[in-house]
Amino acid sequence: MNYDIFALYSLIRYITMSNDELITAFYTAFSKADAEGMVACYHDNIIFHDPAFGQLVGEEAKNMWRMLIKQSKGQVDVQFSDVKTHDHHGTANWVATYTFSRTGRKVVNRISASFEFRDGKIARHTDYFDLWRWSRQALGISGTVFGWTNWMQQKIRKQSRSLLEKYKG
């Protein structure tokens, strides 16, 4: 049998990572547009939540990252900092800079993330960011005028979820 030593080493490394290393691996993979590297850090029953998608569970959360990486064509700059972890919880700050594909507008999204860990993986991931600030950048005047309203924020979530439902990996 011919074993790929690097793949085996990578698998063992993911299994034995500290929580700090796990968050670092997640964002490093993101910065390299490596969706599979990102989702490898997630528990099978991951619960993800953010203002744009709401709550996503399991493969739905993993597919969100796959879809976003594919849509960006790898053209997203991700910077992360302030990684802090404890036994079962962690936090990090990150900034994603990209062009929003629907409008061609540049977005700089500043995000605070919290994590819960189980079985050596990220079991819960919550991203916090100002959806109105995001909508002003991504949508322009309509985001500026209406982005703070519940109506517009629900519309953004509905569109995000619709795109995810259409995505087939």
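**Close-up views of a predicted model**

Buried residues account for 42% of the 169 residues in this protein. What you're looking at is a predicted model, and the views below start with the whole chain before zooming in on a few spots.

**View 1. The whole protein, end to end.** Here you can pick out 7 helices and 6 strands. Starting at the N terminus, the elements follow the order α-α-α-β-β-α-β-β-β-β-α-α-α. How much surface does the protein expose? About 9,700 Å², with carbon and sulfur atoms supplying 54% of it. If you take the contacts between residues at least 6 apart in sequence, 51% of them join residues at least 24 apart.

**View 2. The nonpolar core.** The largest nonpolar core is made of 44 residues. Have a look for Y27, F30, W65, W94, I122 and W134, the residues with the most contacts inside this core. Which element gives the most to the core? That's helix 2 (residues 19-31), with 7 residues.

View 3. Y27 is one of the core residues with the most contacts inside the core. Setting aside neighbours within four places in sequence, Y27 is in contact with V78, F80, A92, W94, A113, F115, H125 and D127. You've already met W94, which is on the list of core residues with the most contacts too.

**View 4. E36 meets R66.** Side chains of opposite charge can pair when their charged atoms come close. A search of the whole structure turns up 6 salt bridges, and this view shows the one between E36 and R66, whose closest N and O atoms are 2.7 Å apart. E36 sits in helix 3 (residues 35-39) and R66 in helix 4 (residues 59-72), so the pair ties together parts that are 30 residues apart in sequence. Are the two partners buried or exposed? E36 counts as partly exposed because its relative accessibility is 46%, while R66, at 16%, counts as buried.

**View 5. K62 and its two partners.** K62 has a salt bridge with D44, at 3.5 Å from N to O. K62 belongs to helix 4 and D44 to strand 1 (residues 42-50), so this pair ties together parts that are 18 residues apart in sequence. With 7% relative accessibility, K62 counts as buried; D44 has 57%, so D44 counts as exposed. The side chain of K62 also meets that of E59 in a salt bridge, this time at 3.7 Å from N to O. Both E59 and K62 are in helix 4, 3 residues apart, which is about one turn of the helix. E59 is partly exposed, its relative accessible area being 45%. Step back and you'll see one network, with E36, D44, E59, K62 and R66 joined by salt bridges that share partners.

**View 6. S135, tucked into helix 5.** Find S135 in helix 5 (residues 131-139). Its relative accessibility is 0%, so S135 counts as buried. Which backbone oxygens lie by a polar atom of the S135 side chain? The one from W132 is 2.9 Å away, and the one from G143 is 3.3 Å away. Not counting residues up to four places away in sequence, S135 touches G140, G143, G147 and I156.

Key. Residues are numbered from 1 along each chain as its sequence is written. This is a predicted model: local features need pLDDT of at least 70, side-chain atom pairs count only at pLDDT 80 or more; totals for chains, interfaces and linings use all residues. Side-chain values use heavy atoms; hydrogens and water are left out. Helices (H or I, at least four residues) and strands (E, at least two) are DSSP runs, numbered from the N terminus. Buried means under 20% relative accessible area, exposed over 50%, partly exposed in between (1.4 Å probe, protein chains only). A polar contact is a pair of N or O atoms within 3.5 Å; within protein, one must be able to donate a hydrogen and the other to accept it, and residues adjacent in sequence count only if both atoms are side-chain atoms. Contact means heavy atoms within 4.5 Å. A salt bridge is a side-chain nitrogen of Lys or Arg within 4 Å of a carboxyl oxygen of Asp or Glu. A nonpolar core is a set of buried Ala, Val, Leu, Ile, Met, Phe, Trp, Tyr and Cys residues joined through side-chain atoms within 4.5 Å. Accessible areas come from the Shrake-Rupley method with a 1.4 Å probe; for residues, only the protein chains shown count as cover.
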